[in-house]
Amino acid sequence: MRILHTSDWHLGRSLHGVDLLPFQRDFLAHLEQTVVDNEVDVLLVAGDIYDRAIPPVEAVTLLSESLGRLAGRTRVILAPGNHDSAIRLGFGAAMLRDGIDIRADLARIGEPVLVDDEHGPVAFYPLPYLDPDTARGVLSPDDQPLARSHAAVMGAALAIVRADLAQRREHGAVRSVVAAHAFVIGGLASDSERDIRIGGVDAVPAQLFDDFDYVALGHLHGAQRVGAATGVDRMRYSGSPLAYSFSERNQVKSSVLVDLAADGSVHLELLPAPVPRRLVDVTGTLAELQGPAGDDAVDAWVRATVTDDVRPPELYATLTRRFPHLLVWSHAPANRSEEARAAAITAVSDPVEVTAEFIEYATGAPATTRERELIAAANEAALAAEVSA
């Protein structure tokens, strides 16, 4: 069976004010052509289809149109990620046209999507993102809630999957594919993934996914394999199709083409995604950037750091003339000491650390353990409110 594994589309996202929807539309057209060219049997999407719980109308329209075309070419299986609203994404799933399966209901975790080929059935278990505060009660095998951690709820979900799979294998060979949206230990994160920490912990052990033929992961934006200490390449992040932060500027964006053999072994191939525009960091004096040092970045999305001792006049206007696609810029004199350098607070700064630093600045003493616990709890509550909005 041939499977195309992708994730983290983040439809509706922007990059420092640039609307990425046209480029996301190009990627989905590329995905459709890839399905056709490679005779893909199943398209598997491991979460974060949208960028936020209430996506813009244009993103909803794009997804609807794209799924309609893809379903005419292959079987499509999706599960929501932490950026999606499981309720909204899963609404009407039972009424979708044949060929599209959206699994957003925790109660259906043990119910696979079964797809047959000439060698028999393959059981696909697409797990929706498991928020510990929501899932720990639903997935508990008894009246006691599970521990408040990602590892606990993922372990419980996979126990349900294993029980169903074992029951099916009593009647014959069944191959298995799990799709999960999580931070698995060993994965390398980027700046653009949303913080999913609960109790200060956001990762789950790779060993939880032992025994499955292939594990399609979503959440981390860099294509990478994890849990490969044994040399078996059967668990991967496909990564996002576009770069969503400058920390991803050196990543090769791709989808994973999975050939699942009759014995459950897999052969994997990374298929590069189209690149709308490169992301480039440039650093130097304004004169240097206007010279050969800046030539390679003229057509790229640019983050520029100007190191002149004195801020040049009309700096922004000069930079935009040199780099028409300038997205981020700053003036950071090379001779400024680290002690004098102001800490920049950005969208990817750790809010717990930023607040703790403010407490130390305001009081003259480091934040206590209890204060850090309260800050972390407040941050988690704010994130939960944003997702449920």
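Author: The largest cavity holds about 60 Å³ of space. The model is a predicted one, in which local features need pLDDT of at least 70 and side-chain atom pairs count only at pLDDT 80 or more, while totals for chains, interfaces and linings use all residues. Residues are numbered from 1 along each chain as its sequence is written, and side-chain values use heavy atoms, with hydrogens and water left out.

Reader: What makes this space a cavity, and how is its volume defined?

Author: On a 1 Å grid over the protein atoms alone, a cavity is a set of points where a 1.4 Å probe fits but cannot get out. Grid points are joined across faces, edges and corners, and the volume is the space filled by probe spheres set on the points.

Reader: Which residues line the largest cavity?

Author: Lining residues have an atom within 4 Å of a point. There are 11 of them, and Leu-130, His-150, Met-154, His-181 and Ala-182 are the closest to the centre. By class, 8 are nonpolar, 2 polar and 1 charged. Here Ala, Val, Leu, Ile, Met, Phe, Trp, Tyr, Cys and Pro count as nonpolar, Asp, Glu, Lys and Arg as charged, and the others, Gly among them, as polar. The second largest cavity, whose lining includes Arg-103, Asp-105 and Pro-128, has 4 nonpolar, no polar and 4 charged lining residues.

Reader: Why is β9 called largely enclosed?

Author: A residue is buried if its relative accessible area is under 20% (1.4 Å probe, protein chains only). In β9, 7 of the 7 residues are buried, so the strand is largely enclosed by the rest of the structure. Arg-175, Val-177, Ala-179 and His-181 point one way, Ser-176, Val-178 and Ala-180 the other.

Reader: What makes a set of residues a nonpolar core?

Author: The set must consist of buried Ala, Val, Leu, Ile, Met, Phe, Trp, Tyr and Cys residues joined through side-chain atoms within 4.5 Å. The largest such core has 33 residues, and Leu-130, Leu-139 and Met-154 are among those with the most contacts inside it. Helix α5 gives the most to this core, with 8 residues.

Terms used: On a 1 Å grid over the protein atoms alone, a cavity is a set of points where a 1.4 Å probe fits but cannot get out, and a pocket is an open set with protein on both sides within 12 Å along at least five of seven lines; lining residues have an atom within 4 Å of a point. Buried means under 20% relative accessible area, exposed over 50%, partly exposed in between (1.4 Å probe, protein chains only). Helices (H or I, at least four residues) and strands (E, at least two) are DSSP runs, numbered from the N terminus.
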